[in-house]
Amino acid sequence: MSFALYMLGFVIFLGGVIWGAVVAGVPHLYIGIGALIFLGIGIFSAVSRTRSKDPS
């Protein structure tokens with residue numbers, strides 16, 4: 001459940017960044033590339049923060 005909440009917050013953040021880039025006039029190709037990079041970073045960080053630690 002915490003993974004889903006983390007990703008929901010990150011998607012909302014990413015939407016705001018994309019909206020700001022569109023308003024600023026950044027070309028759509030660069031927005032798409034940046035969004036994919038940020039989404040990958042978000043998934044990596046969500047997995048690392050919500051993964052259960054091994055008891056060893």
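1. Helix α2 covers residues 28–50, 23 residues in total, and spans 32 Å from its first C-alpha to its last. That is close to the 33 Å expected, where the expected span is 1.5 Å times one less than the number of residues. Helices here are DSSP runs (H or I, at least four residues), numbered from the N terminus.

2. A word on the basis: this is a predicted model, with local features needing pLDDT of at least 70 and side-chain atom pairs counting only at pLDDT 80 or more, while totals for chains, interfaces and linings use all residues. Residues are numbered from 1 along each chain as its sequence is written, and side-chain values use heavy atoms, leaving out hydrogens and water.

3. Which residues of α2 are buried? They are Ile 31, Ala 35, Gly 42, Ser 45 and Ala 46; buried means under 20% relative accessible area, exposed over 50%, and partly exposed in between (1.4 Å probe, protein chains only). Their cover includes α1 (2–24).

4. Leu 5 sits in helix α1 and counts as exposed because its relative accessibility is 53%. Between Leu 5 and Ala 46 there are 9.4 Å in space, C-alpha to C-alpha, and 41 residues in sequence.

5. Phe 10 and Phe 13 are separated by about one helical turn, because they are three residues apart in helix α1. Phe 10 counts as buried at 15% relative accessibility, whereas Phe 13, at 49%, counts as partly exposed.

Methods
Helices (H or I, at least four residues) and strands (E, at least two) are DSSP runs, numbered from the N terminus. Contact means heavy atoms within 4.5 Å.
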